[in-house]
Amino acid sequence: MIETLLHNPDFAMACRQFDEVADLIQIPESTRERTKWPKRMITVSVPVHMDDGRTEIFWGYRVQHHLSSGPTKGGLRFHPEVELGEVAALAMWMSWKCSLAGLPYGGGKGGVTCDPTKLSLREKEAITRRYTQEMLPFISPETDVMAPDMGTDEQTMAWMMDTYSMNTGHSVPGIVTGKPVRIGGSLGRRESTGRGVAWLTLRAMEELNIAASGATAIVQGYGNVGSFAALGLAEQGVRIIGISDANGALFNGKGIDVLKLFQYATIHKTIVGYPEADPFDPKLLLEQPCDVLIPAAVSRVIDQDNAARLRCRILAEGANGPTTPNADTILNERGDIYIIPDILCNSGGVIVSYFEWVQGLQRFFWKEAEVFEKLYGMLGNAHRQIRKKAKELNVSNRQAALAIGISNVVEAKKLRGLFP
């Protein structure tokens, strides 16, 4: 029944990854079922008065995968293709991500099926506040903490915090992370995911003896993750030769000035039309020769059709689930691409979200240098664990990462027992 309810390619992919690793580390069947399926799946209608006088119903979702280690943690996205199965997959991946990083969280994810590019600021605020109101029985700083994701931002989190606080009667900064710094956000949170991707990529380059100076990189997706990943690599001398966003792609074999591109995209809301690089086919961009390929957009962009044609040395997964299991099989058989799996590679955001949550609970805030020092320390620790586990089990980095994340959740459930 639940498979039918959550019928979605992302959820099928997450389940397949789980099942393969559960077999690998021999999780007992009874514990396996408890660990795999979400604890709560919430669907709400979100009625909103639109600017033209209509009342439109949007659908909102929140999936809390497990609460054995602490509150659930994960983003809220506004996107036209949001559905329950996708949200459940993202919540499951978030569980393993938090567990791998050693955070006291289970995985959560939420979304509203809407197109934020076609909404006015007032309409986005109305959707955010009504969605938050509908979720009030299920969220708190000790139960479920949301953060920005695709189509949402710091302002969205400010509205959520205000809505929750107004119902509580006092300010509750710990209800969300990714807020503006002025109302309890953390320095470094906005760029943390992309900076984490860049930092881990540079560590992989060191391991493979690839000098940053003169190396090349291609970034698919120029949102919050891709833009800061590109900036982080460029600062160390890596030449960014290709970049894409939802509207198109750019290529310049001599390198793209990412600072100039950042300024251009801020003004024009797209990279398309940037004069110092050539337009390029977004699908073919993934297959161009480079040292580093960073898929930082949507899921399942590397599949069985294009996996054999990748010509990178490092695949740094800035997006959630960018590589399908069938593509993984091809890449593992090839053996010439070093994969930094998504649950490690893009975990910088949730790690700094954890820092923000802690700072908010303590009402004691850190300097940006302290935030990044702690972030890189935790990323480095997780990376070392993965490399050790991969050698120990003779498996891929992805399987090693999932094995660590899943086994930690299994252990937490075992220690707490089953109530009643």
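Two strands are taken to pair if DSSP finds at least two bridges between them, and strands (E, at least two residues) and helices (H or I, at least four) are DSSP runs numbered from the N terminus. On that basis, Thr43 stands opposite Tyr61 in S2. This is a predicted model, in which local features need pLDDT of at least 70 and side-chain atom pairs count only at pLDDT 80 or more, while totals for chains, interfaces and linings use all residues. Residues are numbered from 1 along each chain as its sequence is written, and side-chain values use heavy atoms, with hydrogens and water left out.

**Strand pairing**

- Ten bridges join strand S1 (residues 40-49) to strand S2 (residues 55-64) in the antiparallel sense, and the two strands form a hairpin with five residues between them, where Gly53 in the turn has a positive phi of about 100 degrees.
- S2 also pairs with strand S4 (residues 106-113), again in the antiparallel sense, over five bridges, and here Val63 stands opposite Lys109 in S4.

**Nonpolar cores**

- A nonpolar core is a set of buried Ala, Val, Leu, Ile, Met, Phe, Trp, Tyr and Cys residues joined through side-chain atoms within 4.5 Å, where buried means under 20% relative accessible area, exposed over 50% and partly exposed in between (1.4 Å probe, protein chains only).
- The largest such core has 93 residues, and those with the most contacts inside it are Trp96, Met205, Ile243, Ile294 and Ile340; its largest share, 13 residues, comes from helix H4 (residues 84-101).
- Apart from this core lies another of 24 residues, among them Ile127, Ile139, Met146 and Ile175.
- With contact defined as heavy atoms within 4.5 Å, and leaving aside neighbours within four places in sequence, Ile294 is in contact with residues including Val197, Ile218, Leu233 and Gly318.

**Aromatic rings and charges**

- Rings of Phe, Tyr and Trp (its six-membered ring) pair if their centres lie within 6.5 Å, and planes under 30 degrees apart count as stacked, over 60 as edge-to-face and the rest as tilted; the structure holds twelve aromatic pairs.
- One of these pairs, Trp199 with Tyr376, is stacked, at 5.3 Å centre to centre and 5 degrees between the planes, and it links distant parts of the chain, since Trp199 lies in helix H7 (residues 192-207) and Tyr376 in helix H14 (residues 368-393), 177 residues apart.
- Tyr376 counts as partly exposed because its relative accessibility is 23%.
- One aromatic cluster is formed by Tyr105, Tyr354, Phe355, Trp357 and Trp366.
- A charge sits over a ring if NZ of Lys or CZ of Arg is within 6 Å of the ring centre and within 35 degrees of the ring normal; the charged end of Arg203 sits over the ring of Trp199, 4.7 Å from its centre, and that of Lys374 sits over the ring of Trp366, 5.2 Å from its centre.

- The expected span of a helix is 1.5 Å times one less than its number of residues, so the 16 residues of H7 should span 22 Å, which agrees with end C-alpha atoms that are 22 Å apart.
- H7 is mostly covered, with 13 of its 16 residues buried, and just after H7, Asn209 takes a positive phi of about 60 degrees.
- Asp328 lies in helix H11 (residues 325-334) and counts as buried because its relative accessibility is 9%; not counting residues up to four places away in sequence, Asp328 touches Thr323, Ile339 and Arg398.
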